[in-house]
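Biologist: Please show me the structure, and then let us go through it by question and answer.

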Amino acid sequence: MKGIIFRGLEELVVQAYDISVWEKLLEKHAPEDRVYVSAKNYPDEELFALAQEVALVVDKPLSDILRTFGEFLFAYLTQKHSEILLQFKDFSSLIMGIDTVIHAEVAKLYHEPNLPQIRCEKINENNILMFYRSNRKLCFCAEGLINGAAAFYQMNVNIDHQKCMHEGEQECTLLLTFKEK
């Protein structure tokens, strides 16, 4: 997992709680004196352990924590790489361009980014069917990223998670229904 993702989680935890909570998480789930550098790779297990610990601390399901993190992460990544969003005119074009544009740009910026596979089919002007596949199974984080994008474009979005890798499926299927606020 790229360090920029860990940095996003750090910022969320520090904003929501404080730096001491983040430091306690690191003490428990990361090598001593760990500092995350955006472009470097770190073990996926560290992110999963940190997120799981946050879920325990706030007494919420991990899926909810990952959704919240994904939504925060969209805004965080937008601050770091705002130029990528200039390529999209609206929410729909961003969603349709995740794999062909966003992931292509991420691959230019970060060596070996290990991105999920995402395919999208536009059903009509207010519905997109998304297919998500990743060994990491971070589909709930993807839902949060979608919510973050919807907020950015001032859209209401409903996500119907029809099939899920956490339930033994080969890929997740998400039906996005959206309209202007």
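Predicted model: local features only at pLDDT ≥ 70, side-chain atom pairs only at ≥ 80, totals over all residues.

Modeller: Residues are numbered from 1 along each chain as its sequence is written, and side-chain values use heavy atoms, with hydrogens and water left out.

Biologist: How are two packed helices described?

Modeller: Two packed helices are described by the distance between their axes and by the angle between those axes. The axes are lines fitted to C-alpha atoms, for helices over the stretch in contact, and the angles run from 0 to 180 degrees between N-to-C directions. Helices (H or I, at least four residues) and strands (E, at least two) are DSSP runs, numbered from the N terminus. The description thus rests on an angle and a distance.

Biologist: At what angle do H3 and H4 pack?

Modeller: Helix H3 covers residues 44-58 and helix H4 covers residues 62-80. Their axes are 9 Å apart, and the packing angle is about 110°.

Biologist: Which orientation class does that give H3 and H4?

Modeller: Angles under 35 degrees count as roughly parallel, over 145 as roughly antiparallel, 65 to 115 as roughly perpendicular and the rest as oblique. The angle for H3 and H4 is about 110°. H3 is therefore, relative to H4, roughly perpendicular.

Biologist: Which residues of H4 make the contact with H3?

Modeller: Contact means heavy atoms within 4.5 Å. On the H3 side, the contact is made by Ala51, Gln52, Val54, Ala55 and Val58. On the H4 side, it is made by Leu62, Ile65 and Leu66.

Biologist: How many residues in the contact of H3 with H4 are nonpolar?

Modeller: Ala, Val, Leu, Ile, Met, Phe, Trp, Tyr, Cys and Pro count as nonpolar, Asp, Glu, Lys and Arg as charged, and the others, Gly among them, as polar. In the contact of H3 with H4, one residue is polar and no residue is charged. The number of nonpolar residues is seven.

Biologist: How are H1 and H4 oriented to each other?

Modeller: Helix H1 spans residues 3-16, and its axis comes within 9 Å of the axis of H4. The two axes cross at roughly 115°. H1 and H4 are therefore roughly perpendicular.

Biologist: How many charged residues does the contact of H1 with H4 have?

Modeller: Residues of H1 including Arg7 and Glu11 meet residues of H4 including Lys80. By class, the contact has nine nonpolar and three polar residues. The charged residues number three.

Biologist: How are H2 and H3 oriented to each other?

Modeller: The axes of H2 (residues 19-29) and H3 come within 10 Å. They cross at roughly 130°. H2 and H3 are therefore oblique.

Biologist: Which side chain makes a polar contact with the side chain of Glu53?

Modeller: Glu53 is found in helix H3 and touches Leu25, Lys28 and His29, not counting residues up to four places away in sequence. A polar contact is a pair of N or O atoms within 3.5 Å; within protein, one must be able to donate a hydrogen and the other to accept it, and residues adjacent in sequence count only if both atoms are side-chain atoms. The polar contact of the Glu53 side chain, at 3.2 Å, is with the side chain of Lys28.

Biologist: Is Asp44 buried or exposed?

Modeller: Buried means under 20% relative accessible area, exposed over 50%, partly exposed in between (1.4 Å probe, protein chains only). Asp44 is found in helix H3. Its relative accessibility is 18%, so Asp44 counts as buried.

Biologist: Which side chain makes a polar contact with the side chain of Asp44?

Modeller: Asp44 touches Met1 and Arg136, not counting residues up to four places away in sequence. The polar contact of the Asp44 side chain, at 3.0 Å, is with the side chain of Arg136.

Biologist: How far is the backbone nitrogen of Arg136 from a polar atom of the side chain of Ser134?

Modeller: Ser134 lies in the loop between strand S2 (127-133) and helix H8 (139-152). At 11% relative accessibility, Ser134 is counted as buried. The distance from the polar atom of its side chain to the backbone nitrogen of Arg136 is 3.1 Å.

Biologist: How far apart in space are Asn127 and Thr177, C-alpha to C-alpha?

Modeller: Asn127 lies in strand S2, and its side chain makes a polar contact with the side chain of Thr177 at 2.8 Å. The two residues are 50 residues apart in sequence. Their C-alpha separation in space is 4.6 Å.
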